[in-house]
Amino acid sequence: MSLAVLASALAYYLYRLWVQVGDLPPTIEPFQPWPIPGLSAIPFLGDVVFTQTPPTYVALILVGLVAWMLARTPMGLALRMTGENPHAVEAQGLNPVRIRIWAVMVGSGIMALGGAFLTTAAFNSFFPGMVQGRGWICIALVVFASWRPGKALLGALLFALFDAFQLRLQTVVEGVPYQLFLMAPYVLSIVALILVARRARVPEALMQPYRRGER
């Protein structure tokens, strides 16, 4: 939590320090949708899946790559065992602490790409608080998906569906404060997390400190 507050405050400080802010924030030319020839012509599915911006395609490819790496490679096996039994990893001559550090660094880099998507593709400028708590939803999705990339993708699409639906409701339903619609996707995500978390498969060594040589 402390790191999250520090990072958001530091980003805003650097933004005000380096970027000249006038009445309107500076804008950029965002990524434009890249229709995939042939596939983009498929009814409904073509517009939804195959007419997206490059960062969206990168995200979908990363889901497959991470799932394959975790399930089919020695690196993935070592990473999963570090979350289950780091002492067994140490017995194989590997360093669980180093593996955990690299996993956090790579995961943080991927999450940074997700945040950059808002500026480079979804919008055309940066403004403080534009993430609006979606990073915390991503953490909840990990529990919701039981640490499986494919299920995490489905959970993210479900949250996006709720978010898009609340935007449509704001234009249809009158007399209701818009804040209620804005919080609806988060409330539904919390409810889904509560229902699924009890059955989630949690790594055995999750949140447990590790010291080399101790058992």
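The model discussed here is a predicted one. The residues of α3 that sit under this cover are P54, Y57, M69 and L70. As for its length, α3 runs over residues 54-72, which makes 19 residues, and at 1.5 Å a residue these should span 27 Å.

Is T73 buried or exposed? With a relative accessible area of 15%, T73 falls under the 20% cut-off, so T73 counts as buried. One is M69, whose backbone oxygen is reached by the T73 side chain at 2.5 Å. The other is G76, where the T73 side chain comes to 3.0 Å from the backbone nitrogen. M69, as it happens, is also on the list of buried residues of α3.

Helix α6 (96-122) gets the next look. It has 27 residues and reaches 38 Å from first C-alpha to last, close to the 39 Å expected at 1.5 Å a residue. Even so, α6 carries a bend of about 35°, located at A116. The N-terminal end of α6 is capped by N95, which places a side-chain oxygen 3.0 Å from the backbone nitrogen of V97. Buried in this helix are P96, I99, L118, T119 and A121. What do the buried residues of α6 pack against? They pack against α3, α4 and α5 (86-91).

Turning to aromatic rings, the structure holds 2 pairs. In one of them, the ring centres of Y15 and F126 are 4.8 Å apart and the ring planes stand at 65°, so this pair is edge-to-face. The two partners come from distant parts of the chain, 111 residues apart: Y15 belongs to helix α1 (residues 2-18), while F126 is in the loop between α6 and α7 (134-144). Y15 has a relative accessibility of 11% and so counts as buried. F126, at 28%, is partly exposed.

The other pair brings F159 and Y186 together, with ring centres 5.5 Å apart and planes at 70°, so it is edge-to-face as well. F159 lies in helix α8 and Y186 in helix α9 (residues 178-197), so this pair ties together parts that are 27 residues apart in sequence. F159 is buried, with a relative accessible area of 10%, whereas Y186 counts as partly exposed at 23%.

What about charged side chains? In general, side chains of opposite charge can pair when their charged atoms come close. The structure holds 1 salt bridge, and the side chains that meet in it are those of D163 and R134, at 3.5 Å from N to O. Since D163 lies in helix α8 and R134 in helix α7, the bridge ties together parts that are 29 residues apart in sequence. D163 has a relative accessibility of 19%, and with the limit for buried set at under 20%, D163 therefore counts as buried. R134, at 23%, counts as partly exposed.

A145 lies in the loop between α7 and α8, and at 1% relative accessibility it counts as buried. Which residues does A145 touch, leaving aside its neighbours within four places in sequence? They are K151 and A152. The C-alpha atom of A145 is also separated by 7.5 Å from that of A200, a residue 55 places away along the chain. A164, for its part, lies in helix α8 and counts as partly exposed, with 44% relative accessibility. Its C-alpha atom and that of P74, 90 residues apart along the chain, are separated by 39 Å.

Key:
Residues numbered from 1 in each chain as written. Predicted model: local features only at pLDDT ≥ 70, side-chain atom pairs only at ≥ 80, totals over all residues. Heavy atoms only, no water. Helix = DSSP H or I, 4+ residues; strand = E, 2+ residues; numbered from the N terminus. Expected span 1.5 Å × (residues − 1). Buried < 20%, exposed > 50% of the residue type's maximum accessible area, 1.4 Å probe, protein only. Phe/Tyr/Trp six-rings, centres within 6.5 Å; stacked < 30°, edge-to-face > 60°. Salt bridge = Lys/Arg side-chain N within 4 Å of Asp/Glu carboxyl O. Bend = angle between axes of the 7 residues up to and from the residue. Contact = heavy atoms within 4.5 Å. Polar contact = N/O pair within 3.5 Å; in protein donor to acceptor, adjacent residues only side chain to side chain.
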